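I opened this entry to keep a record of what I looked up, going from the whole chain down to single residues.

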Amino acid sequence: DDLMEYMTPVQESELQFKSRKNELMLESGRVLKRRFESFNSEFDELHAAERALSVPDSTLRAELRKTISEKLVPPWSEFYYKYAVIQFSKKHMDQYTRLSPTVVEDKLDELCAGC
């Protein structure tokens with residue numbers, strides 16, 4: 001549930017842009033930095049813990065992955081593609097946006113594969 005809260009839309013009033021349309025004011029940039037950073041951290045922790053789980057039944061494993069993916073990827077995709085195009089970090093955009101929806105899907109495919 002914590003992971004899902006980081007993917008909710010940011011209130012438009014929290015996003016104040018500089019004169020250039022695609023660059024945020026400092027405080028607004030911090031809002032997006034916190035959201036991306038929190039999602040990355042929570043997802044990395046979840047991935048590390050769940051990856052080690054072993055689900056020998058391949059049908060059940062596939063169903064678990066599918067269910068998790070269906071719940072997580074669409075809202076993350078919507079959030080990611082809406083906000084990753086906005087310049088909210090001058091130096092470290094790639095650090096914040098490293099978990100693209102494609103990367104998340106790939107990592108979800110690794111869940112429950114532990115031995």
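**Overall.** I note at the start that this is a predicted model. I counted the secondary structure and found five helices and zero strands. Read from the N terminus, the order of elements is α-α-α-α-α. I then took the extent of the C-alpha trace, which spans about 55 × 20 × 20 Å along its principal axes.

**Burial and surface.** The protein has 115 residues, and 37% of them count as buried. For the accessible surface I have about 7300 Å², with 51% of that belonging to carbon and sulfur atoms.

**Contact range.** I looked up contacts between residues at least 6 apart in sequence; 78% of these join residues at least 24 apart.

**H2 against H3.** I turned next to a helix pair. Two packed helices are described by the angle between their axes and the distance between the axes. Helix H2 covers residues 26–51 and helix H3 covers residues 58–83. Their axes come within 12 Å and cross at roughly 150 degrees. I recorded the crossing of H2 and H3 as left-handed.

Which residues of H2 and H3 meet? From H2 I listed Leu 32, Arg 35, Phe 36, Phe 39 and Phe 43. On the H3 side they meet Leu 72, Trp 76, Phe 79, Tyr 80 and Tyr 83. Sorted by class, this contact has nine nonpolar residues, no polar ones and one charged residue.

**H5.** I asked which residues of H5 are buried. They are Pro 101, Val 104 and Leu 108. Viewed down the axis of H5, these buried residues fall within an arc of 60 degrees, so they line one face of the helix. I checked what covers the buried residues of H5, and the cover includes H2 and H3.

**Ser 100.** The last item was a loop residue. Ser 100 sits in the loop between helix H4 (93–96) and helix H5 (101–108). Is Ser 100 buried or exposed? Ser 100 counts as buried because its relative accessibility is 15%, and the cut-off for buried is under 20%. I then looked for its contacts, leaving aside neighbours within four places in sequence, and found Trp 76 and Tyr 80. Trp 76 and Tyr 80 are also among the H3 residues that meet H2.

Conventions
Residues numbered from 1 in each chain as written. Predicted model: local features only at pLDDT ≥ 70, side-chain atom pairs only at ≥ 80, totals over all residues. Heavy atoms only, no water. Helix = DSSP H or I, 4+ residues; strand = E, 2+ residues; numbered from the N terminus. Buried < 20%, exposed > 50% of the residue type's maximum accessible area, 1.4 Å probe, protein only. Contact = heavy atoms within 4.5 Å. Axes fitted to C-alpha atoms, helices over the stretch in contact; angles between N-to-C directions. Left-handed = near helix turned anticlockwise from the far one by under 90°. Nonpolar A, V, L, I, M, F, W, Y, C, P; charged D, E, K, R; others polar. Arc of directions from axis to C-beta. Areas by Shrake-Rupley, 256 points an atom, 1.4 Å probe, with all protein chains shown as cover.
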